[in-house]
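This report goes through one protein chain, from its overall layout to a few of its contacts. Please keep the sequence and the 3D view at hand while reading.

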Amino acid sequence: MAVDRKQQMKEITERLEQGVKDIFTSEMYTTYLRTMAKFHNYSFNNTLLIAMQRPDATLVAGFNAWKNKFNRYVKKGEKGIQIIAPAPIEEVEEREKIDKDTGLAVLNENGEPEMERVEYVVPRFRLQYPDSTARAATHGTPAV
């Protein structure tokens, strides 16, 4: 499973690199600017991915957001577009406590190093599949 995710991230990164090259050498720059105007809260990479996969998108949301916020559903059999989403991992580590002034381990009354619990976040990313309005069907309301 991890190999598949690494491969997917590699493929989408390669597509992004090609998209960046294409954007400045073709009509795609205009498409990108239109997409950027609609999706200004998205990162450069995700805006480019949206422009490459679904240039006619007017709104991008996940499956549950379509259902719960917009009272719409994604048409059966439709595939979502891919964007890169943060998926940080929180980790906890026990390590020797270090004195800030001396840079040496702090020792307890028995002469053993004191331990401290350190929490940190490891930045990671994953592929996410929101969908665009071009693929969402309405439920009693006109399309956006």
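## Layout of the chain

The model is a predicted one.

## Burial and surface

The chain has 144 residues, and 26% of them count as buried. Its accessible surface is about 10,300 Å², with 52% of this belonging to carbon and sulfur atoms.

Contacts can also be sorted by separation along the sequence. Among contacts between residues at least 6 apart in sequence, 64% join residues at least 24 apart.

## Two helices in contact

Two packed helices are described by the angle between their axes and the distance between the axes. For helix H2 (residues 28–38) and helix H3 (residues 44–53), the axes come within 9 Å and cross at roughly 115°. This crossing of H2 and H3 is right-handed.

On the H2 side, the contact is made by Met-28, Thr-31, Tyr-32, Thr-35 and Met-36. H3 contributes Phe-44, Thr-47, Leu-48, Ile-50, Ala-51 and Met-52. Sorted by type, the residues of this contact between H2 and H3 are eight nonpolar, three polar and no charged.

## Aromatic pairs

The structure holds three aromatic pairs. One of them joins Trp-66 and Phe-70, whose ring centres are 5.2 Å apart with 50° between the planes, a tilted arrangement.

Are these two residues buried or exposed? Trp-66 counts as buried because its relative accessibility is 0%, under the 20% cut-off. Phe-70 has a relative accessible area of 32%, so Phe-70 is partly exposed.

Note on methods:
Residues numbered from 1 in each chain as written. Predicted model: local features only at pLDDT ≥ 70, side-chain atom pairs only at ≥ 80, totals over all residues. Heavy atoms only, no water. Buried < 20%, exposed > 50% of the residue type's maximum accessible area, 1.4 Å probe, protein only. Contact = heavy atoms within 4.5 Å. Areas by Shrake-Rupley, 256 points an atom, 1.4 Å probe, with all protein chains shown as cover. Phe/Tyr/Trp six-rings, centres within 6.5 Å; stacked < 30°, edge-to-face > 60°. Axes fitted to C-alpha atoms, helices over the stretch in contact; angles between N-to-C directions. Helix = DSSP H or I, 4+ residues; strand = E, 2+ residues; numbered from the N terminus. Left-handed = near helix turned anticlockwise from the far one by under 90°. Nonpolar A, V, L, I, M, F, W, Y, C, P; charged D, E, K, R; others polar.
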